[in-house]
Amino acid sequence: MRRRTVAALAALLLIGAQAARAQAPPQRIVSLAPSVTEVLFAVGLGPRVVGVTSYCRYPPAALALPRVGGYLTPSYEALLSASPDLAVILPEHADIAPKLAALRIPVLRLDHRRIDGILEGIVALGRRCGVEAAALELEGELRRRLARLAADSPAATRPRVLLCFGRTDDFRRLYASAPGTIHDDLLAAAGGRNALAAGNGSYPTLSLEGVLRLDPDAIVEFAPGRGDPAPLLRQWHALTALRAVRTGRVHVFTDEFLDVPGPRFIRFAETLARALRPEPAP
Amino acid sequence: MNTGSIHGLTAALAVVTLAAAVFVGPGGHVSIHPGDDAERRIVLELRLPRALLGFVAGAALAVAGMAFQALFRNALATPYTTGVSAGAALGAALYISTGLTASALAIPATDFAALAGALLAIGVVYALAGRAGDASGATLLLGGVAVSFVCTSLILVIQYAGDVTTSFRIGRWLLGGVETIGLAAVVHLAPVVAAGVAALCAVSRHLDLVAVDDEWAAVRGVPVRAIRRVVFAASSLMVAAVVATCGPIGFVGLIVPHIGRLVVGPAHRRLAPFCVVGGGAFLVACDAIGRLLLAPVELPVGIVTALVGGPFFLVLLRRRHAGRPVRH
């Protein structure tokens, strides 16, 4: 009986100690997504990061950190070796979270699927890691820049935009970003509205016929990592049946940061806004 | 070399493979006496359960592949021929598309959904074959292929209509894998596989005759219908449990039985034990390669099984059976 009481007390103490440890600001943080790594560094938590994925390439300091596997395929051995006291994950890691719990690695889940999620995640991360002031400052700065973008794009002039996220060279298939995605959020922030209606999936595939039928006011193609955008632009210029081509409102962007929904989303939105802004009347 | 020596050698190789998979880490680092707590946890909580799960899954897939190849008299039959893998994948995809994450008895709910999908697919195919009065297994085979196509199309619809998170999660599930934490998955899967393997080993003597011709087997006193039912039920249920736990891992169930036929001959009572030990060791070895090759990035085991097993099988085929077709 006495032994049992002692064991129960010991267990309680252990749970108490674990709870206390869970609440103390983490000192060894592992990031399981490139966008999470960007947020960690942006709020000044870089020195506490002890592991990132093999896709985390920004900021450059992240390149020197130990890798803990792929984005959806972490190596649990590498994770345990890093001895983290916090793993920061996304909803895409829903099947990985129970395994992290089984390894007794505390988890913080951020949601980078929408702009609001990114902003809320910055604050949540700051609170959990004891850098709330820096997180609130970053969040405030991003919100101010978003507000500036909104002020610069009056509702009456919002063009209908097709957001292209990849295609075959001959336009047989084109992948577009539909309402409900982060890219649609960014388009709205940049002063455009999606040429696609909601309800056909997040990233529907269009044929050339579909693109011609949509005949958007402007077309924005994102091709991160493709280098010179000129060849892609020339392919669009052959499609003179499209209003956007005739009016010179096709824009191709190849910057690497475009496919990481981290704090640099604001650069994405600002780049988009500059492209979509109507030309001043001559 | 006689069959006994070959079985002994295979068993010895399996033991060495298991030991290597448990103790060897990235960069060839061996952890027989783990130095720190993290290393001890890696060996006991990750590598040991992972190697055991790989062995159990590999053994089950190889024996089921062997049984289906005999049952359908088709060298290309796999454990997934009856639609069990596609059914499981559809179950998992449907569950993932709900966006829920739950678990019971330390088993993720995705596994239950996959198991339900697999059992449903088996049920549909079996009912179809029963109604057609299928004796040769042709309806089972075609029904399995049709169910697989339908399930795969539905998965594509779910992926297409779903958001990025859903697509990512389904894509990851479809890659399969034996990485696990703790022994729960092994404890749940091992009894099912043990029962399935025991049933198939028990009827393995009759499989030799069934693999040739039903009438021929019946004349020699083989209860063909009963044997067919036992083989179908034992293989399908065992594979359903494996796919629900590990996802669809390809190639093991197709190639290991053929390697076995080249090494120990086509007699099923010798082939079945070879498949258990060889299939288990093969999957453990492939998983260890996938874990170590690009560490810490891990190659899904299904990719490695084809990359390692394919050339190995071709070499064996060229050496042993130059000009002769593979018998099943």
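This is a predicted model: local features need pLDDT of at least 70, side-chain atom pairs count only at pLDDT 80 or more; totals for chains, interfaces and linings use all residues.
On one side sit 26 residues of chain A, and they are in contact with 25 residues of chain B. Two helices of chain A give two or more residues each to this side, namely α3 (76-81) and α4 (97-102). Of these, α3(A) provides the largest share, with 5 residues. Sorted by residue type, the chain A side of the contact comes out as 11 nonpolar, 9 polar and 6 charged.

Chain A itself is split by the domain assignment into domain 1 (25-146) and domain 2 (155-276). Their C-alpha centres lie 29 Å apart, and the contact between the two takes 16 residues from domain 1 and 12 residues from domain 2. On the domain 1 side, at least two residues each are supplied by α2 (34-42), α5 (115-129) and α6 (132-152) of chain A. Here α2(A) is the biggest contributor, giving 5 residues. The make-up of that side is 10 nonpolar, 2 polar and 4 charged residues.

Next comes the strand pairing around β5(A), which spans residues 160-167. This strand runs parallel to β7 (residues 193-194) of chain A, the two being joined by 2 bridges, and Arg160(A) stands opposite Arg193(A) in β7(A). A further parallel pairing links β5(A) to β9 (residues 218-222) of chain A through 4 bridges; in that pairing, Val161(A) stands opposite Ala218(A). With β6 (residues 174-176) of chain A, in contrast, β5(A) runs antiparallel, again with 2 bridges. Arg167(A) has Leu174(A) as its bridge partner in β6(A). The hairpin made by β5(A) and β6(A) has 6 residues between the strands, and in this hairpin Phe171(A) takes a positive phi near 65°.

Then there is the packing of nonpolar residues. The largest nonpolar core has 98 residues, and the ones with the most contacts inside it are Ala60(B), Val63(B) and Ala240(B). Helix α2 (residues 37-71) of chain B gives the largest share of this core, 17 residues. Setting aside neighbours within four places in sequence, Ala60(B) is in contact with Val193(B), Gly196(B), Val197(B), Met238(B), Val239(B) and Val242(B). As a general point, nonpolar side chains in soluble globular proteins tend to be buried together.

Finally, a look at Leu283(B), which is found in helix α12 (residues 268-292) of chain B. Leu283(B) counts as buried because 34 C-beta neighbours fall inside 10 Å, and the cut-off for burial is 20 or more. Not counting residues up to four places away in sequence, Leu283(B) touches Gly54(B), Phe55(B), Ala57(B) and Gly58(B), along with Val252(B), Val301(B) and Thr305(B). Leu283(B) and Leu61(B) are 222 residues apart along the chain, yet their C-alpha atoms are separated by 9.6 Å.

How values were computed. Residues are numbered from 1 along each chain as its sequence is written. Chains are lettered from A and ligands numbered from 1 in the order in which they are written. Two residues are in contact if their C-beta atoms, placed from the backbone, lie within 7 Å. Ala, Val, Leu, Ile, Met, Phe, Trp, Tyr, Cys and Pro count as nonpolar, Asp, Glu, Lys and Arg as charged, and the others, Gly among them, as polar. Two strands pair if DSSP finds at least two bridges between them. Domain bounds come from an automatic or database domain assignment. A nonpolar core is a set of buried Ala, Val, Leu, Ile, Met, Phe, Trp, Tyr and Cys residues joined through C-beta atoms within 7 Å. A residue is buried if 20 or more other C-beta atoms lie within 10 Å of its own, exposed if 12 or fewer, and partly exposed in between; C-beta atoms are placed from the backbone.
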